[in-house]
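User: I have a model open here and would like to go through it with you. Could we start with the terms you will be using?

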2 protein chains.
Amino acid sequence: MNKRPLLLLTMGDVNGVGPEILAAVLARPETRQCCRPVVIGCAAVLEKAREQFPACPPPAALSDPAEALAAEDAVPVIDAGYPAPPVKPGVLDPAAGRCAAEWVQYAVRLLMADKADGMVTCPINKACLHRAGYPWAGHTDRIAEMTGAPDYRMCLFTETMRVVHNTAHLSLRDALDAVRMPRILASIRIGHDALLRMGFKTPRIAVAGLNPHAGEDGAFGREESDEIRPAVEAACREAIAASGPWPPDTLFGRMRDGESDMVIAMYHDQGHIPMKLIAMDEGVNVTLGIPIVRTSADHGTAFDIAWQGRARPASLQAAIAFAARLAGWREKRNAS
Amino acid sequence: MNKRPLLLLTMGDVNGVGPEILAAVLARPETRQCCRPVVIGCAAVLEKAREQFPACPPPAALSDPAEALAAEDAVPVIDAGYPAPPVKPGVLDPAAGRCAAEWVQYAVRLLMADKADGMVTCPINKACLHRAGYPWAGHTDRIAEMTGAPDYRMCLFTETMRVVHNTAHLSLRDALDAVRMPRILASIRIGHDALLRMGFKTPRIAVAGLNPHAGEDGAFGREESDEIRPAVEAACREAIAASGPWPPDTLFGRMRDGESDMVIAMYHDQGHIPMKLIAMDEGVNVTLGIPIVRTSADHGTAFDIAWQGRARPASLQAAIAFAARLAGWREKRNAS
């Protein structure tokens, strides 16, 4: 049983949907079958969320994840010295923002100290973080910064479709400027590495074009010939099964039909539009290119429905399963 | 029965899938229930395509669409003086390209002379047209040019989802430069007008943002505040139920769920990626902003499967139904 990876689940903003989706997934046996979960958050808040999900084991407040093994019939919870303020559903409370931020930083520090195998994050509220004095662009930027890996990639994964984004939270104009051969090649390599970790023997990576019809032989746009194709060719020389650039408007349907294992998207919405359309609930946000395993539920705090029992835990459930899969590889590597 | 609009169906490249999908849809009773079809193409080729679809009535070669009324038990076909060369499935034959081009031009001339109510185009091959000496960027540009309406919009429609593209076959960089308030307002007006024609009383038009998360209040990109929002506000002042700019990555799912009747997309792939993913077979290409009704099957000549009985006629069938609906309005307007 010790083969199951130890995953840190950060509770996120306690006034959002984080605590209830955590309780919902912890109530399911498959969660403990794939990992040893440790919640980084507040035990009292999880206890409150259990009212909706009584099948969730009771929380056991710990101070070190190593104690988690002793707590098989309870959910280990570590607050890292930051107990949550009283829950006020849907309210933007800087005190809650501070806890959410500190819990994330604590999880990253544990991972960098090799005390856990991966982390899965519940949603935070950016405005709330800012008011609490944490001027992060988001979770991901801060995590990348703490791990010393600023050149990360934001990815969306489902069971059958996987997208690596060449850029994420940039204006479309700035994203165009980042459609450059070295960056695209790095995106391909990062995606290829993740697929190998997930057990693919020869992952097939389809690289999207940037322009309509992938530029139609240069009729509208030169990025395909000047930047994307050279990156694909360089990847192929590294024995990566990369192909493209492909017309963006049929590429995602072709991946759905099984023609490829992953798409490299040239900008945020090129990947987000199809993935959100197909997998609104099951999509998982995966951060690649950092030295730790990190996945995330692919939605926000949803303050408007928080603590009403309406939030769907499917994305968090899938995020935990993906983290376990990626972290399992990590354990194997360390053992060898 | 005379209320049914008279639709001109251009046969396209005879070496592609056009003839067989035409025969397939003409074999279905619903085609004649919604319109009076007149094929602009070659009777001998349609006769050959009928071998796969014997329920298609036999072709009757005419020289004027006015004769079509007399031919209820046959399919009227006009070749406009351009009989097709021998069919060579999948072969790029300039002689076939020439016919395809001339048939389209003949149909436009008939429509501009008010001798028919709308046209539906089967696919042509651009390279084939070029070799035949017709240097068109495509069907649509030529049709727009002939009707004196260069500022058209390329749209994709399904039964429940409709997208107007602010620009179509431009590089993404050039498309960004066209994200300007007057052009966006024109896109909204053109879309609104089409929905009124289709019978919507108060069409709900959702305008997409350009940047990730619609720019997140200016954090990445100013087009939302500087160009798109002013266009939406101007449209609202004209009593159009427009809203936005909305985050692009959830907008299409929301339209699918019934929250809006139409999306105004800021560039080709923003609309094409979701529409092709959801409606690969039923999507219809509609040209708006021109003074005639024109729809098109939303696929190419598919030379690789031509004349094998494998082409799916769903898109052409839907294109005919949409053209009939749009042209029906036109008839009502002329009668009033």
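Analyst: A residue is called buried when its relative accessible area is under 20%, exposed when that area is over 50%, and partly exposed in between. Please keep in mind that this is a predicted model.

User: Where in chain A does L170(A) sit?

Analyst: L170(A) is in the loop between β7 (162-165) and α7 (172-177) of chain A.

User: And what is L170(A) in contact with, beyond its sequence neighbours?

Analyst: Leaving out neighbours within four places in sequence, the contacts of L170(A) are A175(A) in chain A, and P212(B) and F220(B) in chain B. There is also a C-alpha to C-alpha distance of 8.5 Å between L170(A) and Y267(A), which are 97 residues apart in sequence.

User: Through what surface do the copies meet?

Analyst: They meet through the same surface, because 100% of the interface residues of chain A are also interface residues in chain B.

User: Let me step back to the whole chain. How many helices and strands are there in chain A?

Analyst: Chain A has 12 helices and 12 strands. Its radius of gyration is 20 Å, close to the 20 Å that the globule rule gives for 336 residues, so chain A is as compact as a globular protein of that length. Along the principal axes, the C-alpha atoms of chain A fill a box of roughly 60 × 45 × 35 Å.

User: What share of chain A is buried, and what does its accessible surface come to?

Analyst: Of the 336 residues of chain A, 62% count as buried. The accessible surface of chain A comes to about 12500 Å², and 52% of that belongs to carbon and sulfur atoms. As for contacts in chain A with a separation of 6 or more, 75% of them are between residues 24 or more positions apart.

User: How far apart are the mean positions of the positive and negative charges?

Analyst: Chain A has 36 positive and 39 negative charges, and their mean positions are 3 Å apart.

User: Now the backbone: where is there a cis peptide bond in chain A?

Analyst: A cis peptide bond joins G244(A) and P245(A), with omega about 0°, and P245(A) is in strand β9 (residues 241-246) of chain A. In chain B, a cis peptide bond likewise joins G244(B) and P245(B), again with omega about 0°.

User: And what about phi at A80(A) and W307(A)?

Analyst: A80(A) is not a glycine, yet has a positive phi of about 55°, and the residue is in the loop between β4 (75-78) and α4 (94-112) of chain A. W307(A), also a residue other than glycine, has a positive phi near 65° and is in the loop between β12 (294-297) and α12 (314-335) of chain A.

User: Are those two buried, or partly exposed?

Analyst: A80(A) is partly exposed, with a relative accessible area of 26%, whereas W307(A) is buried, with a relative accessible area of 13%.

User: Last one, in chain B: where is N285(B), and what does N285(B) touch?

Analyst: N285(B) is in strand β11 (residues 284-288) of chain B and counts as buried because its relative accessibility is 11%, under the 20% limit. Apart from residues up to four places away in sequence, N285(B) touches M154(B), C155(B), L156(B), R294(B), T295(B), S296(B) and D298(B).

Technical notes. Residues are numbered from 1 along each chain as its sequence is written. Chains are lettered from A and ligands numbered from 1 in the order in which they are written. This is a predicted model: local features need pLDDT of at least 70, side-chain atom pairs count only at pLDDT 80 or more; totals for chains, interfaces and linings use all residues. Side-chain values use heavy atoms; hydrogens and water are left out. Contact means heavy atoms within 4.5 Å. Helices (H or I, at least four residues) and strands (E, at least two) are DSSP runs, numbered from the N terminus. The radius of gyration is taken over C-alpha atoms; the globule rule is 2.2 Å times the number of residues to the power 0.38. Buried means under 20% relative accessible area, exposed over 50%, partly exposed in between (1.4 Å probe, protein chains only). Accessible areas come from the Shrake-Rupley method with a 1.4 Å probe; for residues, only the protein chains shown count as cover. Lys and Arg count as positive and Asp and Glu as negative; His and the chain ends are not counted. The place of a charge is taken as NZ of Lys, CZ of Arg, CG of Asp or CD of Glu.
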